[in-house]
Amino acid sequence: MDNASALEQLADTPRTRRLIENRICYAGPHAELSIYDTWWPAQDVALSAERVLYCGMLQGRKVMNGATDTPETFLPGESFVLAPHQEVRIDFPDARPDAPTTCLTIDLDPARIHALSERLNQTQPRERELGEWHYHPQALHVPHSPTTQALIERLMGLFRENHPDRDALIGLGIDELIVRLLRTQSRELLLADARQAPPRHGLAAALSWLERHPELPLDGAQLAREACMSKARLYRLFQREVGYTPGEYQQRLRLARARQWLREADAPITEICYSLGYRSLSHFTRRFKAAYGLTPGDYRRLLIA
């Protein structure tokens with residue numbers, strides 16, 4: 001039975017109509033996966049863990065309070081990572097029996113994260129100016145890629161199935177999730193560096209230029225001049241450290257900016273589209289839906305529901 005069918009059956013039971021939140025836990029050899037269904041609106045629900053806690057939204061929305069300076073809306077297609085013993089207080093404004101708010105958590109062993117960091121330092125060392133691979137114990141809230149979404153869905157299936165290779169496959173999936181976490185956090189730290197004046201590293205300077213001009217056609221030569229390095233070297237370094245080519249990253253940056261404007265501004269969707277350099281609304285809509293699973297209009301409606 002798939003997750004949606006299970007939710008529909010549970011929503012019809014008398015017990016569910018009295019239930020605020022239900023947790024289903026699956027134990028694995030290297031981590032624990034929990035799925036939380038919240039059936040009624042609630043506020044100020046505490047969440048913390050002794051280990052690093054990866055959270056992924058599956059359905060609905062939450063408002064996360066306390067992890068950062070301001071409350072943050074947490075939606076499907078996004079990752080939220082809590083450091084050990086970091087507590088957040090969660091609001092569930094939209095939960096109801098026929099449409100519960102559903103998320104998953106995976107607790108990650110810091111020792112395993114450290115071991116993978118050391119392996120990356122040996123096999124894929126970073127440039128000296130960027131420092132070594134290691135986990136920074138702080139909250140991380142980012143949109144994740146379709147590849148990460150596919151990994152989350154694969155892990156959900158692995159934790160729930162009875163297969164002779166289950167534990168080994170879960171271990172590989174957890175390692176992949178940790179590596180993606182390390183790369184994402186590294187990229188966010190690079191972006192923080194890029195927002196300094198002046199950036200401390202050529203790659204940060206290139207990222208800074210893209211952040212300031214996401215709407216412009218990509219000019220590799222201009223980007224290389226900003227980074228004070230050859231175009232070939234910049235593209236190799238960009239791919240290795242950021243995980244994308246400059247063109248791919250610019251597209252992600254445009255979509256993240258669109259998502260931010262849809263959250264924070266009342267500008268028409270057409271205006272957002274052309275302000276970010278898209279030549280047609282249909283192209284922008286296709287890109288946005290491929291990245292976040294919703295059209296821009298549906299995304300905005302979810303926020304104000």
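A search of the whole structure finds 7 aromatic pairs. Rings of Phe, Tyr and Trp (its six-membered ring) pair if their centres lie within 6.5 Å; planes under 30 degrees apart count as stacked, over 60 as edge-to-face and the rest as tilted. This is a predicted model: local features need pLDDT of at least 70, side-chain atom pairs count only at pLDDT 80 or more, and totals for chains, interfaces and linings use all residues. Residues are numbered from 1 along each chain as its sequence is written, and side-chain values use heavy atoms, with hydrogens and water left out.

**Stop 1: the rings**

Select Tyr278, Phe284, Phe288, Tyr292 and Tyr299. Ring pairs link these five into a cluster. Start with Tyr278 and Phe284. Their ring centres are 5.2 Å apart and their planes are at 45°, so the pair is tilted. Tyr278 and Phe284 are both buried (under 20% relative accessible area; exposed is over 50%, partly exposed in between; 1.4 Å probe, protein chains only).

Go on to Phe288 and Tyr292. Here the centres are 4.8 Å apart and the planes are at 65°, so the pair is edge-to-face. Both residues sit in helix α11 (residues 281–292), 4 residues apart, about one turn of the helix. Phe288 and Tyr292 are buried too. Helices (H or I, at least four residues) and strands (E, at least two) are DSSP runs, numbered from the N terminus.

**Stop 2: strand β9**

Select residues 101–108. 8 of the 8 residues of strand β9 are buried, so the strand is largely enclosed by the rest of the structure. In a regular strand the side chains alternate between the two faces of the sheet. Look along β9: Thr101, Cys103, Thr105 and Asp107 point one way. Thr102, Leu104, Ile106 and Leu108 point the other way.

Pick Leu33: its bridge partner in β9 is Ile106. Cys55 has Thr105 as its bridge partner in β9.

**Stop 3: the cysteines**

How many disulfides does a search of the whole structure find? The count is 0, with a disulfide taken as a pair of cysteine sulfur atoms within 2.5 Å. For Cys103, the nearest cysteine sulfur is that of Cys55, 6.2 Å away. Cys103 is buried, at a relative accessible area of 2%. Now jump to Cys273, also buried, at 0%.

**Stop 4: the open sheet**

Select β3, β8, β5 and β6. These 4 strands form an open sheet in the order β3-β8-β5-β6, with antiparallel pairing. At the edges are β3 (42–47) and β6 (72–74), each pairing on one side only. The twist averages 30° from one strand to the next (axes are lines fitted to C-alpha atoms, for helices over the stretch in contact, and angles run from 0 to 180 degrees between N-to-C directions). Zoom in on β5 (residues 62–65) and β8 (residues 88–92), which share 3 bridges. Met64 has Ile90 as its bridge partner in β8.

**Stop 5: confidence**

Colour by pLDDT, the predictor's confidence in each residue, from 0 to 100. The chain's mean is 87, and 92% of its residues reach 70 or more. Confidence is highest in helix α10 (residues 269–275), at a mean of 95, and lowest in helix α2 (residues 14–17), at 40. Finish on residues 1–18, where pLDDT stays under 50. Where pLDDT is low, the predicted coordinates should not be read in detail.

How values were computed
Pairing = 2+ DSSP bridges. Contact = heavy atoms within 4.5 Å.
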